[in-house]
Every structure is written in structure tokens, then in C-alpha cells.
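Hi,

Here is the structure I promised to pass on. Have a look at it first, and then read my notes below.

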Amino acid sequence: MKIGYPCINETLPCSSATTFRLASYSEERLIQAVTTNLACLQQILEFNVQHGLLFFRMSSDLVPFGSHPVNTFNWQEYFAPTFTAIGAYIKQNKFRISMHPDQFVVLNSPTETTVQNSFSELAYQCTIMDLMGLDKSAKLQIHGGGVYGDKPAAIRRFADAVQVLPANIRARLVIENDDRSYSLRDCLEIHELTGIPVLFDNFHHECLNNGEPMGEALQLAAQTWQPEDGILMMDYSSQSPGDRKGKHISHIQLDLFREFLTHLNGLDVDIMLEIKDKEASAIPAMALLRELGYVPAAEPVS
DNA sequence: CAGGGTCAAGAATTA
DNA sequence: TAATTCTTGACCCTG
């Protein structure tokens with residue numbers, strides 16, 4: 001079991017997602033931003049190793065405009081040695097890695113250009129993982145997309161789109177249940193049609209489900225992962241008290257987290273904490289996992 | 001220099 | 001058909 005937080009470290013004085021406006025695009029600006037971002041990514045990974053946080057979601061913004069036509073620079077080749085070095089560090093420390101293309105990646109959109117843009121974005125993010133030399137357990141997580149008033153048709157379009165993806169992207173693609181449109185059951189159906197694993201989000205499942213108890217839901221999602229995919233990846237969060245339903249909590253509530261863990265029933269998972277204060281929650285969560293024996297005690301610093 | 005409007009990209013809801 | 005919400009950080013313009 002590994003645990004982590006997404007993209008941003010609030011302790012370190014750097015960002016791995018510096019960007020700039022499209023209007024101010026230039027090759028110099030791009031090189032500067034990517035250089036900064038990759039240097040910071042390395043620092044974050046080192047911080048995480050020190051704290052035993054070995055599941056990490058890399059920012060979608062490592063390369064600004066990574067899939068935009070304005071970006072004709074061969075950043076893949078220019079930064080290949082840096083990607084290789086970071087990848088070596090990731091493998092040396094046995095990190096689990098994910099990326100999460102955002103809401104603009106919609107494989108089942110009825111708009112052809114939206115689908116094409118989605119393919120480009122997936123290709124961009126997959127290239128980063130490929131350049132790092134990561135195996136197929138490093139995943140790209142996306143949601144089902146829109147429903148457009150006809151979910152069965154939307155699911156078929158999604159499945160058709162997955163089939164025409166290049167093999168390297170398809171091998172990394174996983175679908176995550178969301179909190180308003182595509183439930184775990186819908187995602188399992190997409191898995192049946194495409195073979196892609198289902199990344200389980202406990203909080204989304206609480207918001208939208210078909211009656212599956214948490215423990216059963218975890219088992220159903222876990223069954224969609226093949227050995228080469230690695231163990232089940234999941235997103236963990238809980239409701240922010242007093243806020244709109246679906247709003248993520250700002251700091252981890254350890255009693256709720258502890259209660260959630262009882263539903264695992266021995267299932268091994270990697271847990272991404274989608275909680276606002278990032279490592280400030282991940283560190284105490286990790287301490288709890290050690291206390292409960294889910295992960296070994298910290299190794300002495302050599 | 002701080003505050004705040006705005007930013008590549010979408011979908012669903014509401015007006 | 002058009003505006004707003006979702007959701008989020010940070011760029012970068014304005015005063």
C-alpha cells in the first residue's frame with residue numbers, strides 16, 4: 001500500500017506547474033517553464049521519499065501547452081535526459097505514478113474536434129510517462145465524460161474511442177467513477193467493453209452509486225486491474241462539512257479515514273488523498289497507516 | 001505591490 | 001441561445 005497527494009507540495013518554495021498565458025507564448029518562455037517545473041518535480045519527489053509518500057500524481061502542466069498547436073517545440077527531445085533522470089529516480093524509489101487529464105478530455109464528446117483535442121492531451125501526458133520509462137502501472141485517469149441525454153450511446157462512443165487509441169495510451173488509461181454522471185456500475189460496464197481498469201473514488205461513490213456497500217465496491221473495482229496494471233489505485237476524500245455536496249474536505253479527518261480502511265478487508269490499494277491541504281494531510285495519514293500496520297515503520301535514514 | 005479579473009480546452013443546468 | 005456553475009491555481013494587468 002502506498003499513499004500520496006496530487007501535484008502540488010505546499011511546503012516547498014517551488015511549483016511544478018508554472019505556466020503562462022497563451023498570448024505570451026514563446027520558445028524561451030516554454031523552455032524556462034519546463035526547466036523550472038521538472039526541477040521542482042524532482043524536489044517534490046525527494047520530499048516525498050523522505051516522508052514515505054510513494055504515490056504521486058504528476059501535474060498536467062509540466063509542459064505548458066503540451067498538446068496545443070502553438071507548441072511546435074520538440075520538448076520531448078530537448079528534455080529527454082531530464083525525463084529519463086526523473087524516471088530513474090521514480091523507479092529507484094518504487095513510486096506509483098498517475099496523471100489526471102482534466103475536464104477537457106472527453107472521449108465521448110459528439111464534437112469531433114473535442115475528441116481530437118482529447119487524444120492530443122492524452123498523447124502528451126502519455127509521452128511524459130514513456131520518456132520517463134515508466135511501466136504500465138503508471139496510469140492516466142479520466143472520467144466518463146458527458147451523458148448527452150443518452151448514456152448507453154455515450155458509453156458506446158467512449159468504448160469506440162478507446163479502441164482507436166494508440167496501444168501505449170490505451171495501456172495506461174483508467175476510468176474513474178465521478179460524482180454526478182458515471183457511477184462505479186457505469187465504469188464497470190465501460191471496463192467490460194474496453195478492458196481498461198476502474199480507478200475507484202470513495203467520495204464520488206458516496207455521492208453517486210447503485211447501492212453497492214463500500215467494501216463490495218472496492219472489490220469490484222479491484223477486479224478490473226490486471227497484474228501489469230499494478231494494484232488498485234483509488235482517490236480518497238470526504239465531504240467538507242457545511243459545504244455543497246461533493247466538496248472535498250480541507251484537512252483529513254483521521255477517524256473517517258480509519259473507518260474507511262476497515263472496508264478494505266485485506267485488499268491492497270494505492271491511495272491518492274484528494275484533500276486540499278496536500279502533504280499536511282498525507283503525512284498524518286501515512287503515520288496512521290504505519291500505526292495500524294498497513295505499511296512498515298519508517299526505515300532509519302542511512 | 002496588492003488585489004482581482006482572467007485564463008486553451010467542456011458539460012450541465014438555468015435563465 | 002446565452003449566461004452561470006463546477007473548481008482551481010496562478011498569471012499578469014490595473015490602480
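Before the details, one term: a polar contact here is a pair of N or O atoms within 3.5 Å. By that cut-off S24 qualifies, because an N or O atom in its side chain sits 2.8 Å from a phosphate oxygen of DNA strand C. Do keep in mind that this is a predicted model.

R29 puts a polar side-chain atom 2.5 Å from a phosphate oxygen of DNA strand C, and for K276 the corresponding distance is 2.7 Å. Of the atoms of DNA strand C that come within 4 Å of the protein, 91% belong to sugar and phosphate.

Now the fold. Eight strands close into a barrel, running in order from β1 through to β8 with parallel pairing. On average, neighbouring strands are turned by 30° against each other, direction ignored. To see one pairing up close, go to β3 (residues 96–99) and β4 (residues 139–142): these parallel strands are joined by two bridges. M99 has L140 in β4 as its bridge partner.

Helix α7 (residues 184–194) lies across β5 (173–176) and β6 (198–201), at about 170° to β6. Helix α9 (residues 214–222) packs on the sheet too, where it touches β6 and β7 (232–236) and makes an angle of about 160° with β6.

Cheers

Conventions:
Residues are numbered from 1 along each chain as its sequence is written. Chains are lettered from A and ligands numbered from 1 in the order in which they are written. This is a predicted model: local features need pLDDT of at least 70, side-chain atom pairs count only at pLDDT 80 or more; totals for chains, interfaces and linings use all residues. Side-chain values use heavy atoms; hydrogens and water are left out. Two strands pair if DSSP finds at least two bridges between them. Helices (H or I, at least four residues) and strands (E, at least two) are DSSP runs, numbered from the N terminus. Axes are lines fitted to C-alpha atoms, for helices over the stretch in contact, and angles run from 0 to 180 degrees between N-to-C directions. Contact means heavy atoms within 4.5 Å. A residue is near a molecule or strand if one of its heavy atoms lies within 4 Å of it. A polar contact is a pair of N or O atoms within 3.5 Å; within protein, one must be able to donate a hydrogen and the other to accept it, and residues adjacent in sequence count only if both atoms are side-chain atoms.
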